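Have a look at the structure below, and then we'll start with the ligand.

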Amino acid sequence: MTRALLAAMIAAALFLTTAAGAAKAEDGYDLWLRYPPVEADAAADYRASATLLVVAGESATLGVAADELERGLSGLLGATPERAGAVSRDGAVLVGRAGDAAVAALGLDLSGLGAEGYVIRSVIMDGRAATVIAGGGDAGALYGAFHFLRLIQTRQALTNLDIREAPAVNLRLLNHWDNLDRTVERGYAGQSLWDWHKLPDHLDPRYTDYARANASIGINGTVINNVNTDALSLTGPWLEKAAALAGVFRPYGIRVYLSARFSAPVEIGGLDTADPLDPRVQAWWRAKADEIYALIPDFGGFLVKANSEGQPGPQDYGRSHADGANMLADAVAPHGGVVMWRAFVYDDGVPTDRAMQAWDEFVPLDGQFRDNVIVQVKNGPIDFQPREPFHPLFGATPETPLMMEFQITKEYLGFATHLAYLGPLYEEVLDADTHVRGPGSTVAEVVDGSLFGHRLTGMAGVANTGSDRNWSGSQFDQANWYVFGRLAWDPGLGAEAIAREWAAMTFTPDPAFVEPVTAMMMGSREAVVDYMTPLGLNHLMATGHHYGPGPWVDDLPRADWNPTYFHRADAEGIGFDRTASGSNAVSQYAPDATARFADPAQIDERFLLWFHHLPWDHPMPSGRPLWDELVARYDRGVDAVGEMRRTWAGLADHVDARRHSEVADFLAIQEDEARWWRDSSIAYWRSLNGLPMPEGHAPPAHDLAHYRNLSFPHAPGHWD
Ligand code: BDP
């Protein structure tokens, strides 16, 4: 064999290995933490700013921060920075905490950072140019390290840095609706990440990657079990499993929390009651808390779904939500734990509009909760719909801190296959004006505690993670995990800026890719609203699994689960009258907000049919009658998905083949399903109103019976 041939073979083998390696890496597993090499022309400058890595102190978290910097920098810059004990040449990166000697010696103003805040500054140390990443505490140093890497990932300069960050809310949590059999309620990404059966002895490396991903976006807590919970998770063996996970997450600044079943004292405690005022019950929970804290010293606390959708709760014993929450709060208080008590309550035995019931139950309890209780409220008054007005509880409980609950998993927005970036949904709610303290009293100010001066603050997102290789069920659903974390850190960051950042890190920072993809993402949720539930309609999904349309469903055992309950359409009109002539849910908002919602002429048309029942020929701002406008919205939604497909098809050169084709396949599914939504909805409305198709709009492909007969018994994410 000639030398040349040998060389060629080696080169080919190397190429194949690298290509295979790259292909393996690009299946979505690495999320936004891929760290591929920066372009050659930019690499030299970045390398000059990261020649040495100096770790100012010692702790598990600092170790993790240093490892991440090393991993990120060597991937991005193709050169592993040397670890050194001191800044001995230009271009060092120093990472540490406020209390570490090398950081303290710099005399930076690190006050007010808390343990999680950080500064990143370009400084001169011993005559050398360096970058210091200084956390108020361990977690801050780690968050700062991720921020520093993000600067390179998004191709920002590393010169003259003067960054100061601290989180807007304290509890930034994922809520996993994961069951003990590894199914995930409303999960579309495979099985639960937690391999319970092998825990606590086997720690899947994926737990570490999960923690890294969360830390990179500032998430600092995780409720690992479903809110529809099993008391078993509070028994010894399961607590040991939870403790094992907590051990993996701890260095990443992430605490473990558990959903607690209110009737646990009966089910696993041998008591004959779970009455929160019974001293035996109180003693049982105190002992349970002690047992948990002995295993998990930094255990975060309990999340509770009580007296909601059949779950047990204090009302079973004639007690209030405050009685129940306070009893648990007293059990965890000596250990510094919190109780997150959910306000997602409604009862079809109560004649009031479902949208009003949480406010009715919780406003009278304002001021009655312990200091370590926070009430967790979904973003809207019904249930994670593609669009809802903000929940009227935000702003209505000055004495009680409220935390936001968003859904990251897309139960009502097309599961994993529909591309719907939820940043605009989250932003719309956070920016909404409650008017409770005059104009500009935003929901974000309720949530970050500034409106009423609360120090216990939080934001929870119902997780979309699972055992799928790409974590979230689709490549673009990763963006929803990402944007949740970033907005929980800073609600003012802006959904668009976050989309741009995510796209650059997850695919490529090339503006020829990032700009069209950001535009596509920003319009994607509105497209879903248009083809599923336009103009304020909601809850029209099929029964149980919520997959696909079911606006005709009217036979469920609970009236307030039927789509017909929500849309109230008949021959004359459509929509839910929530004004004074109807349920008067508008009255639960502050007067200025009420005025805007109550007047069909003033209301933002995106909420029109949420608050108003209107005749089919009601004139819309466009000049079209309501019926024509509705049909136009359905078509706009379907067309938007077609446009998304074309945009994506044109970006093939920028994306590895595997991820590109997966997204393309899902967009094709989405387009079919958007048309299905449009056609079946129009067929159903026409069966009620008898109106012809507006000119220029095609009739549905099939008759109504066709759509009504479709059934999907094995659709994923079902709730039994
Ligand atoms: C609804 C879900 C159901 C949850 C419930 C909740 O359909 O699976 O258990 O919310 O949040 O959205 O408790």
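In this predicted model, a side-chain N or O atom of aspartate 383 sits 2.6 Å from an oxygen atom of the ligand. That makes a polar contact, meaning a pair of N or O atoms within 3.5 Å. The protein covers 99% of the 320 Å² of accessible area that the ligand has on its own (Shrake-Rupley method, 1.4 Å probe).

Here are ligand contacts of this kind, each to a ligand oxygen atom:

| Residue | Distance to a ligand oxygen |
|---|---|
| Glutamate 185 | 2.4 Å |
| Arginine 186 | 2.9 Å |
| Aspartate 383 | 2.6 Å |

How many residues surround the ligand? There are 15, and the closest are Glu185, Lys305, Arg342, Asp383 and Glu411; a residue counts if one of its heavy atoms lies within 4 Å.

Now for the fold. Eight strands close into a barrel with parallel pairing, in the order β7-β8-β9-β10-β11-β12-β13-β14. Neighbouring strands here are turned by 25° against each other on average, direction ignored. Strands are DSSP runs of E with at least two residues, and helices are runs of H or I with at least four, numbered from the N terminus. Two strands pair if DSSP finds at least two bridges between them.

Take β12 (residues 373-378) and β13 (residues 402-407): they run parallel and are joined by four bridges. Valine 377 stands opposite methionine 404 in β13.

A quick note on ground rules: residues are numbered from 1 along each chain as its sequence is written. Local features need pLDDT of at least 70, side-chain atom pairs count only at pLDDT 80 or more, totals for chains, interfaces and linings use all residues, and side-chain values use heavy atoms, leaving out hydrogens and water.

Note on methods. Axes are lines fitted to C-alpha atoms, for helices over the stretch in contact, and angles run from 0 to 180 degrees between N-to-C directions. A polar contact is a pair of N or O atoms within 3.5 Å; within protein, one must be able to donate a hydrogen and the other to accept it, and residues adjacent in sequence count only if both atoms are side-chain atoms.
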